[in-house]
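This briefing is for a reader who has not seen the structure before. Please look at the sequence and the model first, then read the points grouped by topic.

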Amino acid sequence: MRKIAIYMAMLLWVIAIFNKENANGSEGTIVKALSTNNLYTEYSQINVFSEYNAQYLSLDKKQKIIEDCAKKLGLSNYTLESKKEGQRVSSILVKKGKNAISTIKFITIEEKGEDGIVEPVNYLMVDLLFYKDSDSMYHYKDVVESMFTDLKLKPQISTSIVSSASGIKTLEEKSAMADAILKDVDAKIVSQNRSDEIFTIYAYSKEIDEYIVNLGKKVNVNIAISYDETSDKTFIYYATPIYNTDY
């Protein structure tokens with residue numbers, strides 16, 4: 001289960017502004033880029049993160065917010081649990097289905113200010129994972145965006161598709177796969193690390209609407225490639241604007 005530290009690390013890495021522009025065909029471009037490169041879709045994922053109003057909320061209120069989100073996502077027969085660990089209170093809803101896993105979290109962290117007064121910092125997170133499917137991801141991305149807009153929140157949203165190819169790949173083969181995808185989405189490399197140990201590329205494409213700004217440069221394409229010995233598969237992680245979970 002992903003921890004809030006991952007999201008905070010992402011925010012610190014960004015040092016950025018999250019923006020949205022009007023672009024056409026970005027969704028189809030991504031799917032086409034992966035399918036035309038003979039890659040098998042393992043799963044797709046939406047990760048949404050937003051700071052909520054900085055105020056004290058009762059546990060019932062937090063759970064009501066989560067349940068309202070679940071209703072808008074069409075979720076039922078889920079589990080909803082709350083727990084307190086130190087200065088952190090977490091309320092987590094989980095729905096596991098045959099084709100998807102949905103998680104909604106409301107997390108409160110009590111922080112002491114310079115004046116010694118303890119104040120709550122609230123976060124609302126939504127993670128949706130779809131097995132062997134990318135069409136559902138784009139549909140629910142629109143639903144989630146509308147849901148957060150109704151809450152008057154401005155979330156950070158990332159989408160990702162994890163594909164695979166059989167066997168281990170050489171550095172040259174991994175580079176060829178990545179370059180083919182970058183070409184298909186018309187992305188220009190911003191920074192990269194290509195080695196057998198770490199293979200990660202950050203790039204920018206005008207074909208994709210969301211982007212972040214890091215050190216004055218736009219970024220909205222993130223490609224990472226790794227090999228898993230257990231399954232004997234090479235996994236290709238494609239995300240916009242960046243991949244914010246482990247690989």
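**A buried tyrosine and its surroundings**

Tyr204 is buried, with a relative accessible area of 16%; buried means under 20% relative accessible area, exposed over 50% and partly exposed in between, with a 1.4 Å probe and protein chains only. The model is a predicted one, in which local features need pLDDT of at least 70, side-chain atom pairs count only at pLDDT 80 or more, and totals for chains, interfaces and linings use all residues. Residues are numbered from 1 along each chain as its sequence is written, and side-chain values use heavy atoms, with hydrogens and water left out.

**Aromatic pairs**

- Rings of Phe, Tyr and Trp (its six-membered ring) pair if their centres lie within 6.5 Å; planes under 30 degrees apart count as stacked, over 60 as edge-to-face and the rest as tilted.
- The count by this rule is four aromatic pairs.
- One of them joins Tyr52 and Phe106, whose ring centres are 5.2 Å apart with planes at 65°, so this pair is edge-to-face.
- This pair links distant parts of the chain, 54 residues apart: Tyr52 is in the loop between β2 (40-51) and α3 (59-72), and Phe106 is in strand β5 (residues 100-112).
- Helices (H or I, at least four residues) and strands (E, at least two) are DSSP runs, numbered from the N terminus.
- Tyr52 is buried at a relative accessible area of 11%, and Phe106 is buried at 0%.
- Tyr204 and Tyr211 also form an edge-to-face pair, with 6.2 Å from centre to centre and 90° between the planes.
- Tyr211 counts as buried at 8% relative accessibility.
- The charged end of Lys218 sits over the ring of Tyr211, 4.8 Å from its centre (the rule asks for NZ of Lys or CZ of Arg within 6 Å of the ring centre and within 35 degrees of the ring normal).

- Asn220 is in the loop between β11 (217-219) and β12 (221-228), and counts as buried at 0% relative accessibility.
- Its side chain reaches the backbone nitrogen of Ser205 at 2.8 Å, and a polar atom of the Asn220 side chain lies 3.3 Å from the backbone oxygen of Glu210.
- Not counting residues up to four places away in sequence, Asn220 touches several residues, including Tyr204, Tyr211 and Pro241; contact means heavy atoms within 4.5 Å.
- Asp186 lies in the loop between α5 (171-184) and β8 (187-194), and counts as partly exposed at 41% relative accessibility.

- An open sheet is formed by 10 strands in the order β3-β4-β5-β6-β2-β7-β13-β12-β9-β8, with antiparallel pairing; two strands pair if DSSP finds at least two bridges between them.
- Its edge strands are β3 (79-85) and β8, each of which pairs on one side only.
- β2 pairs with strand β7 (residues 156-166) in the antiparallel sense over nine bridges, and Ser44 stands opposite Ile161 in β7.
- Asp127 is in strand β6 (residues 118-131), and counts as buried at 6% relative accessibility.
- The side chains of Asp127 and Asn47 make a polar contact (3.0 Å); such a contact is a pair of N or O atoms within 3.5 Å, where within protein one must be able to donate a hydrogen and the other to accept it, and residues adjacent in sequence count only if both atoms are side-chain atoms.
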